[in-house]
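Q: Here is a two-chain model to go through. I would like each label set against the rule behind it.

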Amino acid sequence: MKALLRTLSMIFAILKKELIVIVMDPGSRRVLVVPIIVQCIIFGYGANFQLEQVPYAAFSASDDALSRQVLEEVANTPGFVRTRDCLSLECAAQSVESGEALIGIYFAPDFKRTREVLVMADGRQNPSANTALSYVQAAITKLNVARSGQGAVSLDVRQAFNENNITRFTVLTGMVLALTVVQVVMLSSLEVSREREEGSFDMMLMTPASSAEMLIGKALPPVIVAVFQSLTLAAICNFYFDIPFRGSVWDLLAVILLFGVACVGIGLAVSVLSKTSLKSIIVSFLIVMPAILMSGLITPVDAMPQWFRYVAYCDPLYYGIEAVWRVYLQGETFVQNLTLLLPLFGIAAVTLGAAGILFRKNLD
Amino acid sequence: MLRTLKAIFARGVNPAFLFILIKKELLQISRDPSVLAVVILQPLLLVVLYCFAMRMDVKPVEIAIVTPYQSQVQRQVTDAFIGSAYFDVTVVSTLGEGRALFDSHKVKNLLYFPPDFDEALAAGKARALLYENGAQAQLAQLTQSYVSATLQGALGGAASGSQITLSSRTWYNEANDSTWFLMSGQYIAIMTLVCAFLGSFVIAREWDRGTMESLSGTSASSLEIVLSKVITYYGLGLCGSMLTVFLGQMFSGIPVRGAVAWIVALVLIYSFEMVCFGVLISAVCKNQFLASEYAIIIGALPTMLLTGMVFDLRGAAEGIRILGWLLPPTYAVEASRICFLSGGQDLTVLRDLLVQALWGIFFFICAVYRVQKDSK
């Protein structure tokens with residue numbers, strides 16, 4: 001009992017010291033709070049795969065009534081804005097080339113016979129172009145159904161957990177961890193190397209704390225920062241952007257905690273191995289950026305080639321973000337999430353264990 | 001402020017001082033070569049990621065098809081899905097089984113034919129129900145268009161020849177390959193990361209180590225100090241940028257349809273701008289941790305998310321669209337897309353490059369002023 005109390009007081013003392021280092025400096029206090037909030041709000045409005053606006057150019061060389069019907073149907077599609085009233089094919093083509101129009105619609109003189117609508121899309125913006133093409137296809141299908149009344153099927157789509165297919169739901173809830181990871185890994189990667197650079201690490205060695213106590217004391221503050229940041233971001237998602245929170249806060253907290261520990265483990269391992277703070281920052285940066293990119297937040301993991309998926313399966317962010325989606329958007333519980341949380345736990349155990357071994361080795 | 005700047009620039013640059021300062025920077029790099037990792041490893045890692053891992057087109061999509069009544073039409077549709085390279089199909093016979101697969105995340109999509117599907121089809125009012133996991137919004141949207149196209153294709157074949165069809169050409173990206181779209185923009189993102197991150201150390205490190213005082217104690221002016229750092233790290237950043245484009249072209253196979261001279265100019269000017277941006281951050285933060293954080297937070301992340309590189313600005317809210325067009329990288333992304341994918345539009349490219357150059361000079365002057373104010 002006495003030994004336990006002693007350990008706790010050691011950990012607490014180091015924790016207090018580290019927190020003071022982080023929180024007392026107004027610069028680092030600001031960098032931990034302000035940017036994530038500003039970014040969350042800006043990305044909330046900016047990150048959108050839906051097209052609010054589809055500028056298009058159109059030219060019909062056919063006098064067929066049906067071509068006018070098609071154009072009318074397209075013009076009635078929400079968001080479609082005609083950039084120019086074209087009287088030649090060149091005009092429509094130029095509008096697409098200059099980037100003014102996303103798609104150009106053209107009816108050839110023999111449209112009456114071929115019934116083929118020709119559309120040129122700006123492939124420099126390929127996802128938007130594909131979306132716009134699917135809108136035009138939908139308009140044409142609608143017209144076909146109305147005309148023939150047979151062989152046509154309409155597709156009823158229910159998008160569970162995100163009924164209106166709002167990109168923000170996906171990106172922002174993913175950002176709950178993605179914005180946090182940048183700072184948490186870097187913060188923890190500096191904890192040992194900076195002290196070594198400043199010469200205060202030798203003083204740490206003179207304290208009566210054991211290496212394990214020191215490690216825990218050093219690991220906790222960044223985990224606290226991670227929890228604080230992630231919960232703030234989740235609160236912005238819920239209260240500011242009205243993204244419905246379907247899970248329980250405790251389940252979310254469990255994901256964040258595990259994820260935070262995994263990240264801090266990476267950071268501490270980097271920190272022990274780096275001699276200068278410059279090196280720490282560079283190495284953690286080399287880890288964090290790819291980790292965000294292959295997490296499935298920006299492009300889906302399912303789209304990766306098979307061999308690369310195995311790389312992504314080592315990324316704590318992959319499990320973390322997927323788990324946040326499931327808890328936040330789908331309301332799944334801790335137990336339902338175990339398939340994601342167990343690998344995350346494994347990663348945390350490996351990284352923190354590695355940090356511990358390196359720490360002890362470097363202390364002796 | 002203007003008077004101070006005038007005084008600094010009027011003094012001019014002493015080539016001897018500049019030479020010694022650059023030598024000092026080079027010596028520092030050779031003693032701690034970890035910055036070289038940013039120049040070499042960073043482009044390599046990111047290019048590999050973007051070329052091989054970051055794709056937008058999921059193929060195949062996992063889907064479960066629920067066909068309780070194995071009528072001929074439904075079998076025909078199911079076969080069309082099974083035959084398509086876009087789908088990985090699981091066929092189940094009850095909705096309950098389908099839901100179980102969906103709830104356990106074995107499939108992300110569920111296509112269901114209601115009991116009255118066949119009769120309704122004859123009457124021209126058939127509805128199929130697609131149930132998707134919307135948690136990944138863009139994936140859901142993509143799947144929807146795949147399913148819709150396959151469904152129409154499977155049933156439309158029987159319809160009369162008077163149907164209107166859509167024939168589309170995706171210009172500049174004929175194979176409709178998302179790597180082309182991503183990569184031409186990501187060159188800018190990687191250059192931003194490499195150059196701004198490199199620049200963000202240089203002045204902060206002097207403050208962190210307390211060597212700024214001894215530097216300002218020498219007779220070198222702030223202009224010479226900043227210039228020596230910009231020149232050295234611009235050289236490094238340029239290596240990183242060129243390596244980025246070189247590796248990218250090697251791995252991704254995206255075409256070069258514009259003039260090579262434009263691309264060279266873009267790399268030269270954009271790298272300069274971003275190094276100056278990093279140096280400015282460094283001068284303002286005076287702390288390596290803060291400077292590198294801000295280089296990512298206000299340099300790299302907005303470049304990735306607010307410049308139309310991944311998310312088309314046409315989809316953004318009005319205010320963000322304006323903000324996006326205020327950020328210089330947006331113009332660089334536009335220029336890069338033109339230079340690599342389409343060619344032509346010399347005037348637009350020229351404007352875009354001019355924007356970069358002006359911002360670069362602005363960042364440089366601000367950095368000089370900041371160092372002058374803080375150190376002397």
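Q: What separates domain 1 of chain B and domain 2 of chain B, and how are the domains known?
A: Their centres, taken over C-alpha atoms, are 48 Å apart. The bounds come from an automatic or database domain assignment. For chain B this gives 2–54 + 177–375 as domain 1 and 61–156 as domain 2. In chain A the assignment gives domain 1 (21–47 + 166–363) and domain 2 (54–148), with C-alpha centres 47 Å apart. The model is predicted: local features need pLDDT of at least 70, side-chain atom pairs count only at pLDDT 80 or more, and totals for chains, interfaces and linings use all residues. Residues are numbered from 1 along each chain as its sequence is written, while chains are lettered from A and ligands numbered from 1 in the order in which they are written.

Q: How does the radius of gyration of chain B stand against that of a compact globule?
A: The radius is taken over C-alpha atoms, and the globule rule is 2.2 Å times the number of residues to the power 0.38. For 376 residues the rule gives a value near 21 Å, whereas chain B has 28 Å. The C-alpha trace of chain B spans about 90 × 45 × 40 Å along its principal axes.

Q: What makes Tyr172(B) buried or exposed?
A: A residue is buried if 20 or more other C-beta atoms, placed from the backbone, lie within 10 Å of its own, exposed if 12 or fewer, and partly exposed in between. Tyr172(B) has 26 such neighbours inside 10 Å, so it counts as buried. Tyr172(B) is in the loop between strand 5 and helix 8 of chain B; helices (H or I, at least four residues) and strands (E, at least two) are DSSP runs, numbered from the N terminus. Its phi is near 65°, a positive value in a residue other than glycine. Most residues other than glycine have a negative phi.

Q: Why is Lys286(B) called buried?
A: Lys286(B) has 20 other C-beta atoms within 10 Å, and is therefore buried. Lys286(B) lies in the loop between helix 11 (260–285) and helix 12 (288–305) of chain B. Although not a glycine, Lys286(B) has a positive phi of about 55°.

Q: What class does Ala160(A) fall into, and why?
A: Ala160(A) counts as partly exposed because it has 17 C-beta neighbours inside 10 Å. Ala160(A) is in strand 5 of chain A. Not counting residues up to four places away in sequence, Ala160(A) touches Tyr131(B), Glu132(B), Asn133(B) and Gly134(B); contact requires C-beta atoms, placed from the backbone, within 7 Å.

Q: How many residues of chain A are in contact with chain B?
A: 92 residues of chain A are in contact with 92 residues of chain B. Helix 6 of chain A gives the largest share of the chain A side, 14 residues.

Q: What makes strand 4 of chain A and strand 5 of chain B a pair?
A: Strands pair if DSSP finds at least two bridges between them. These two have seven, in the parallel sense. Glu116(A) stands opposite Thr165(B) in strand 5 of chain B.

Q: What is the largest nonpolar core, and what makes it one?
A: A nonpolar core is a set of buried Ala, Val, Leu, Ile, Met, Phe, Trp, Tyr and Cys residues joined through C-beta atoms within 7 Å. The largest has 211 residues, and those with the most contacts inside it include Val181(A), Leu198(B) and Ala367(B). Helix 8 (residues 178–208) of chain B gives the largest share of this core, 19 residues.

Terms used: Contact = placed C-beta atoms within 7 Å.
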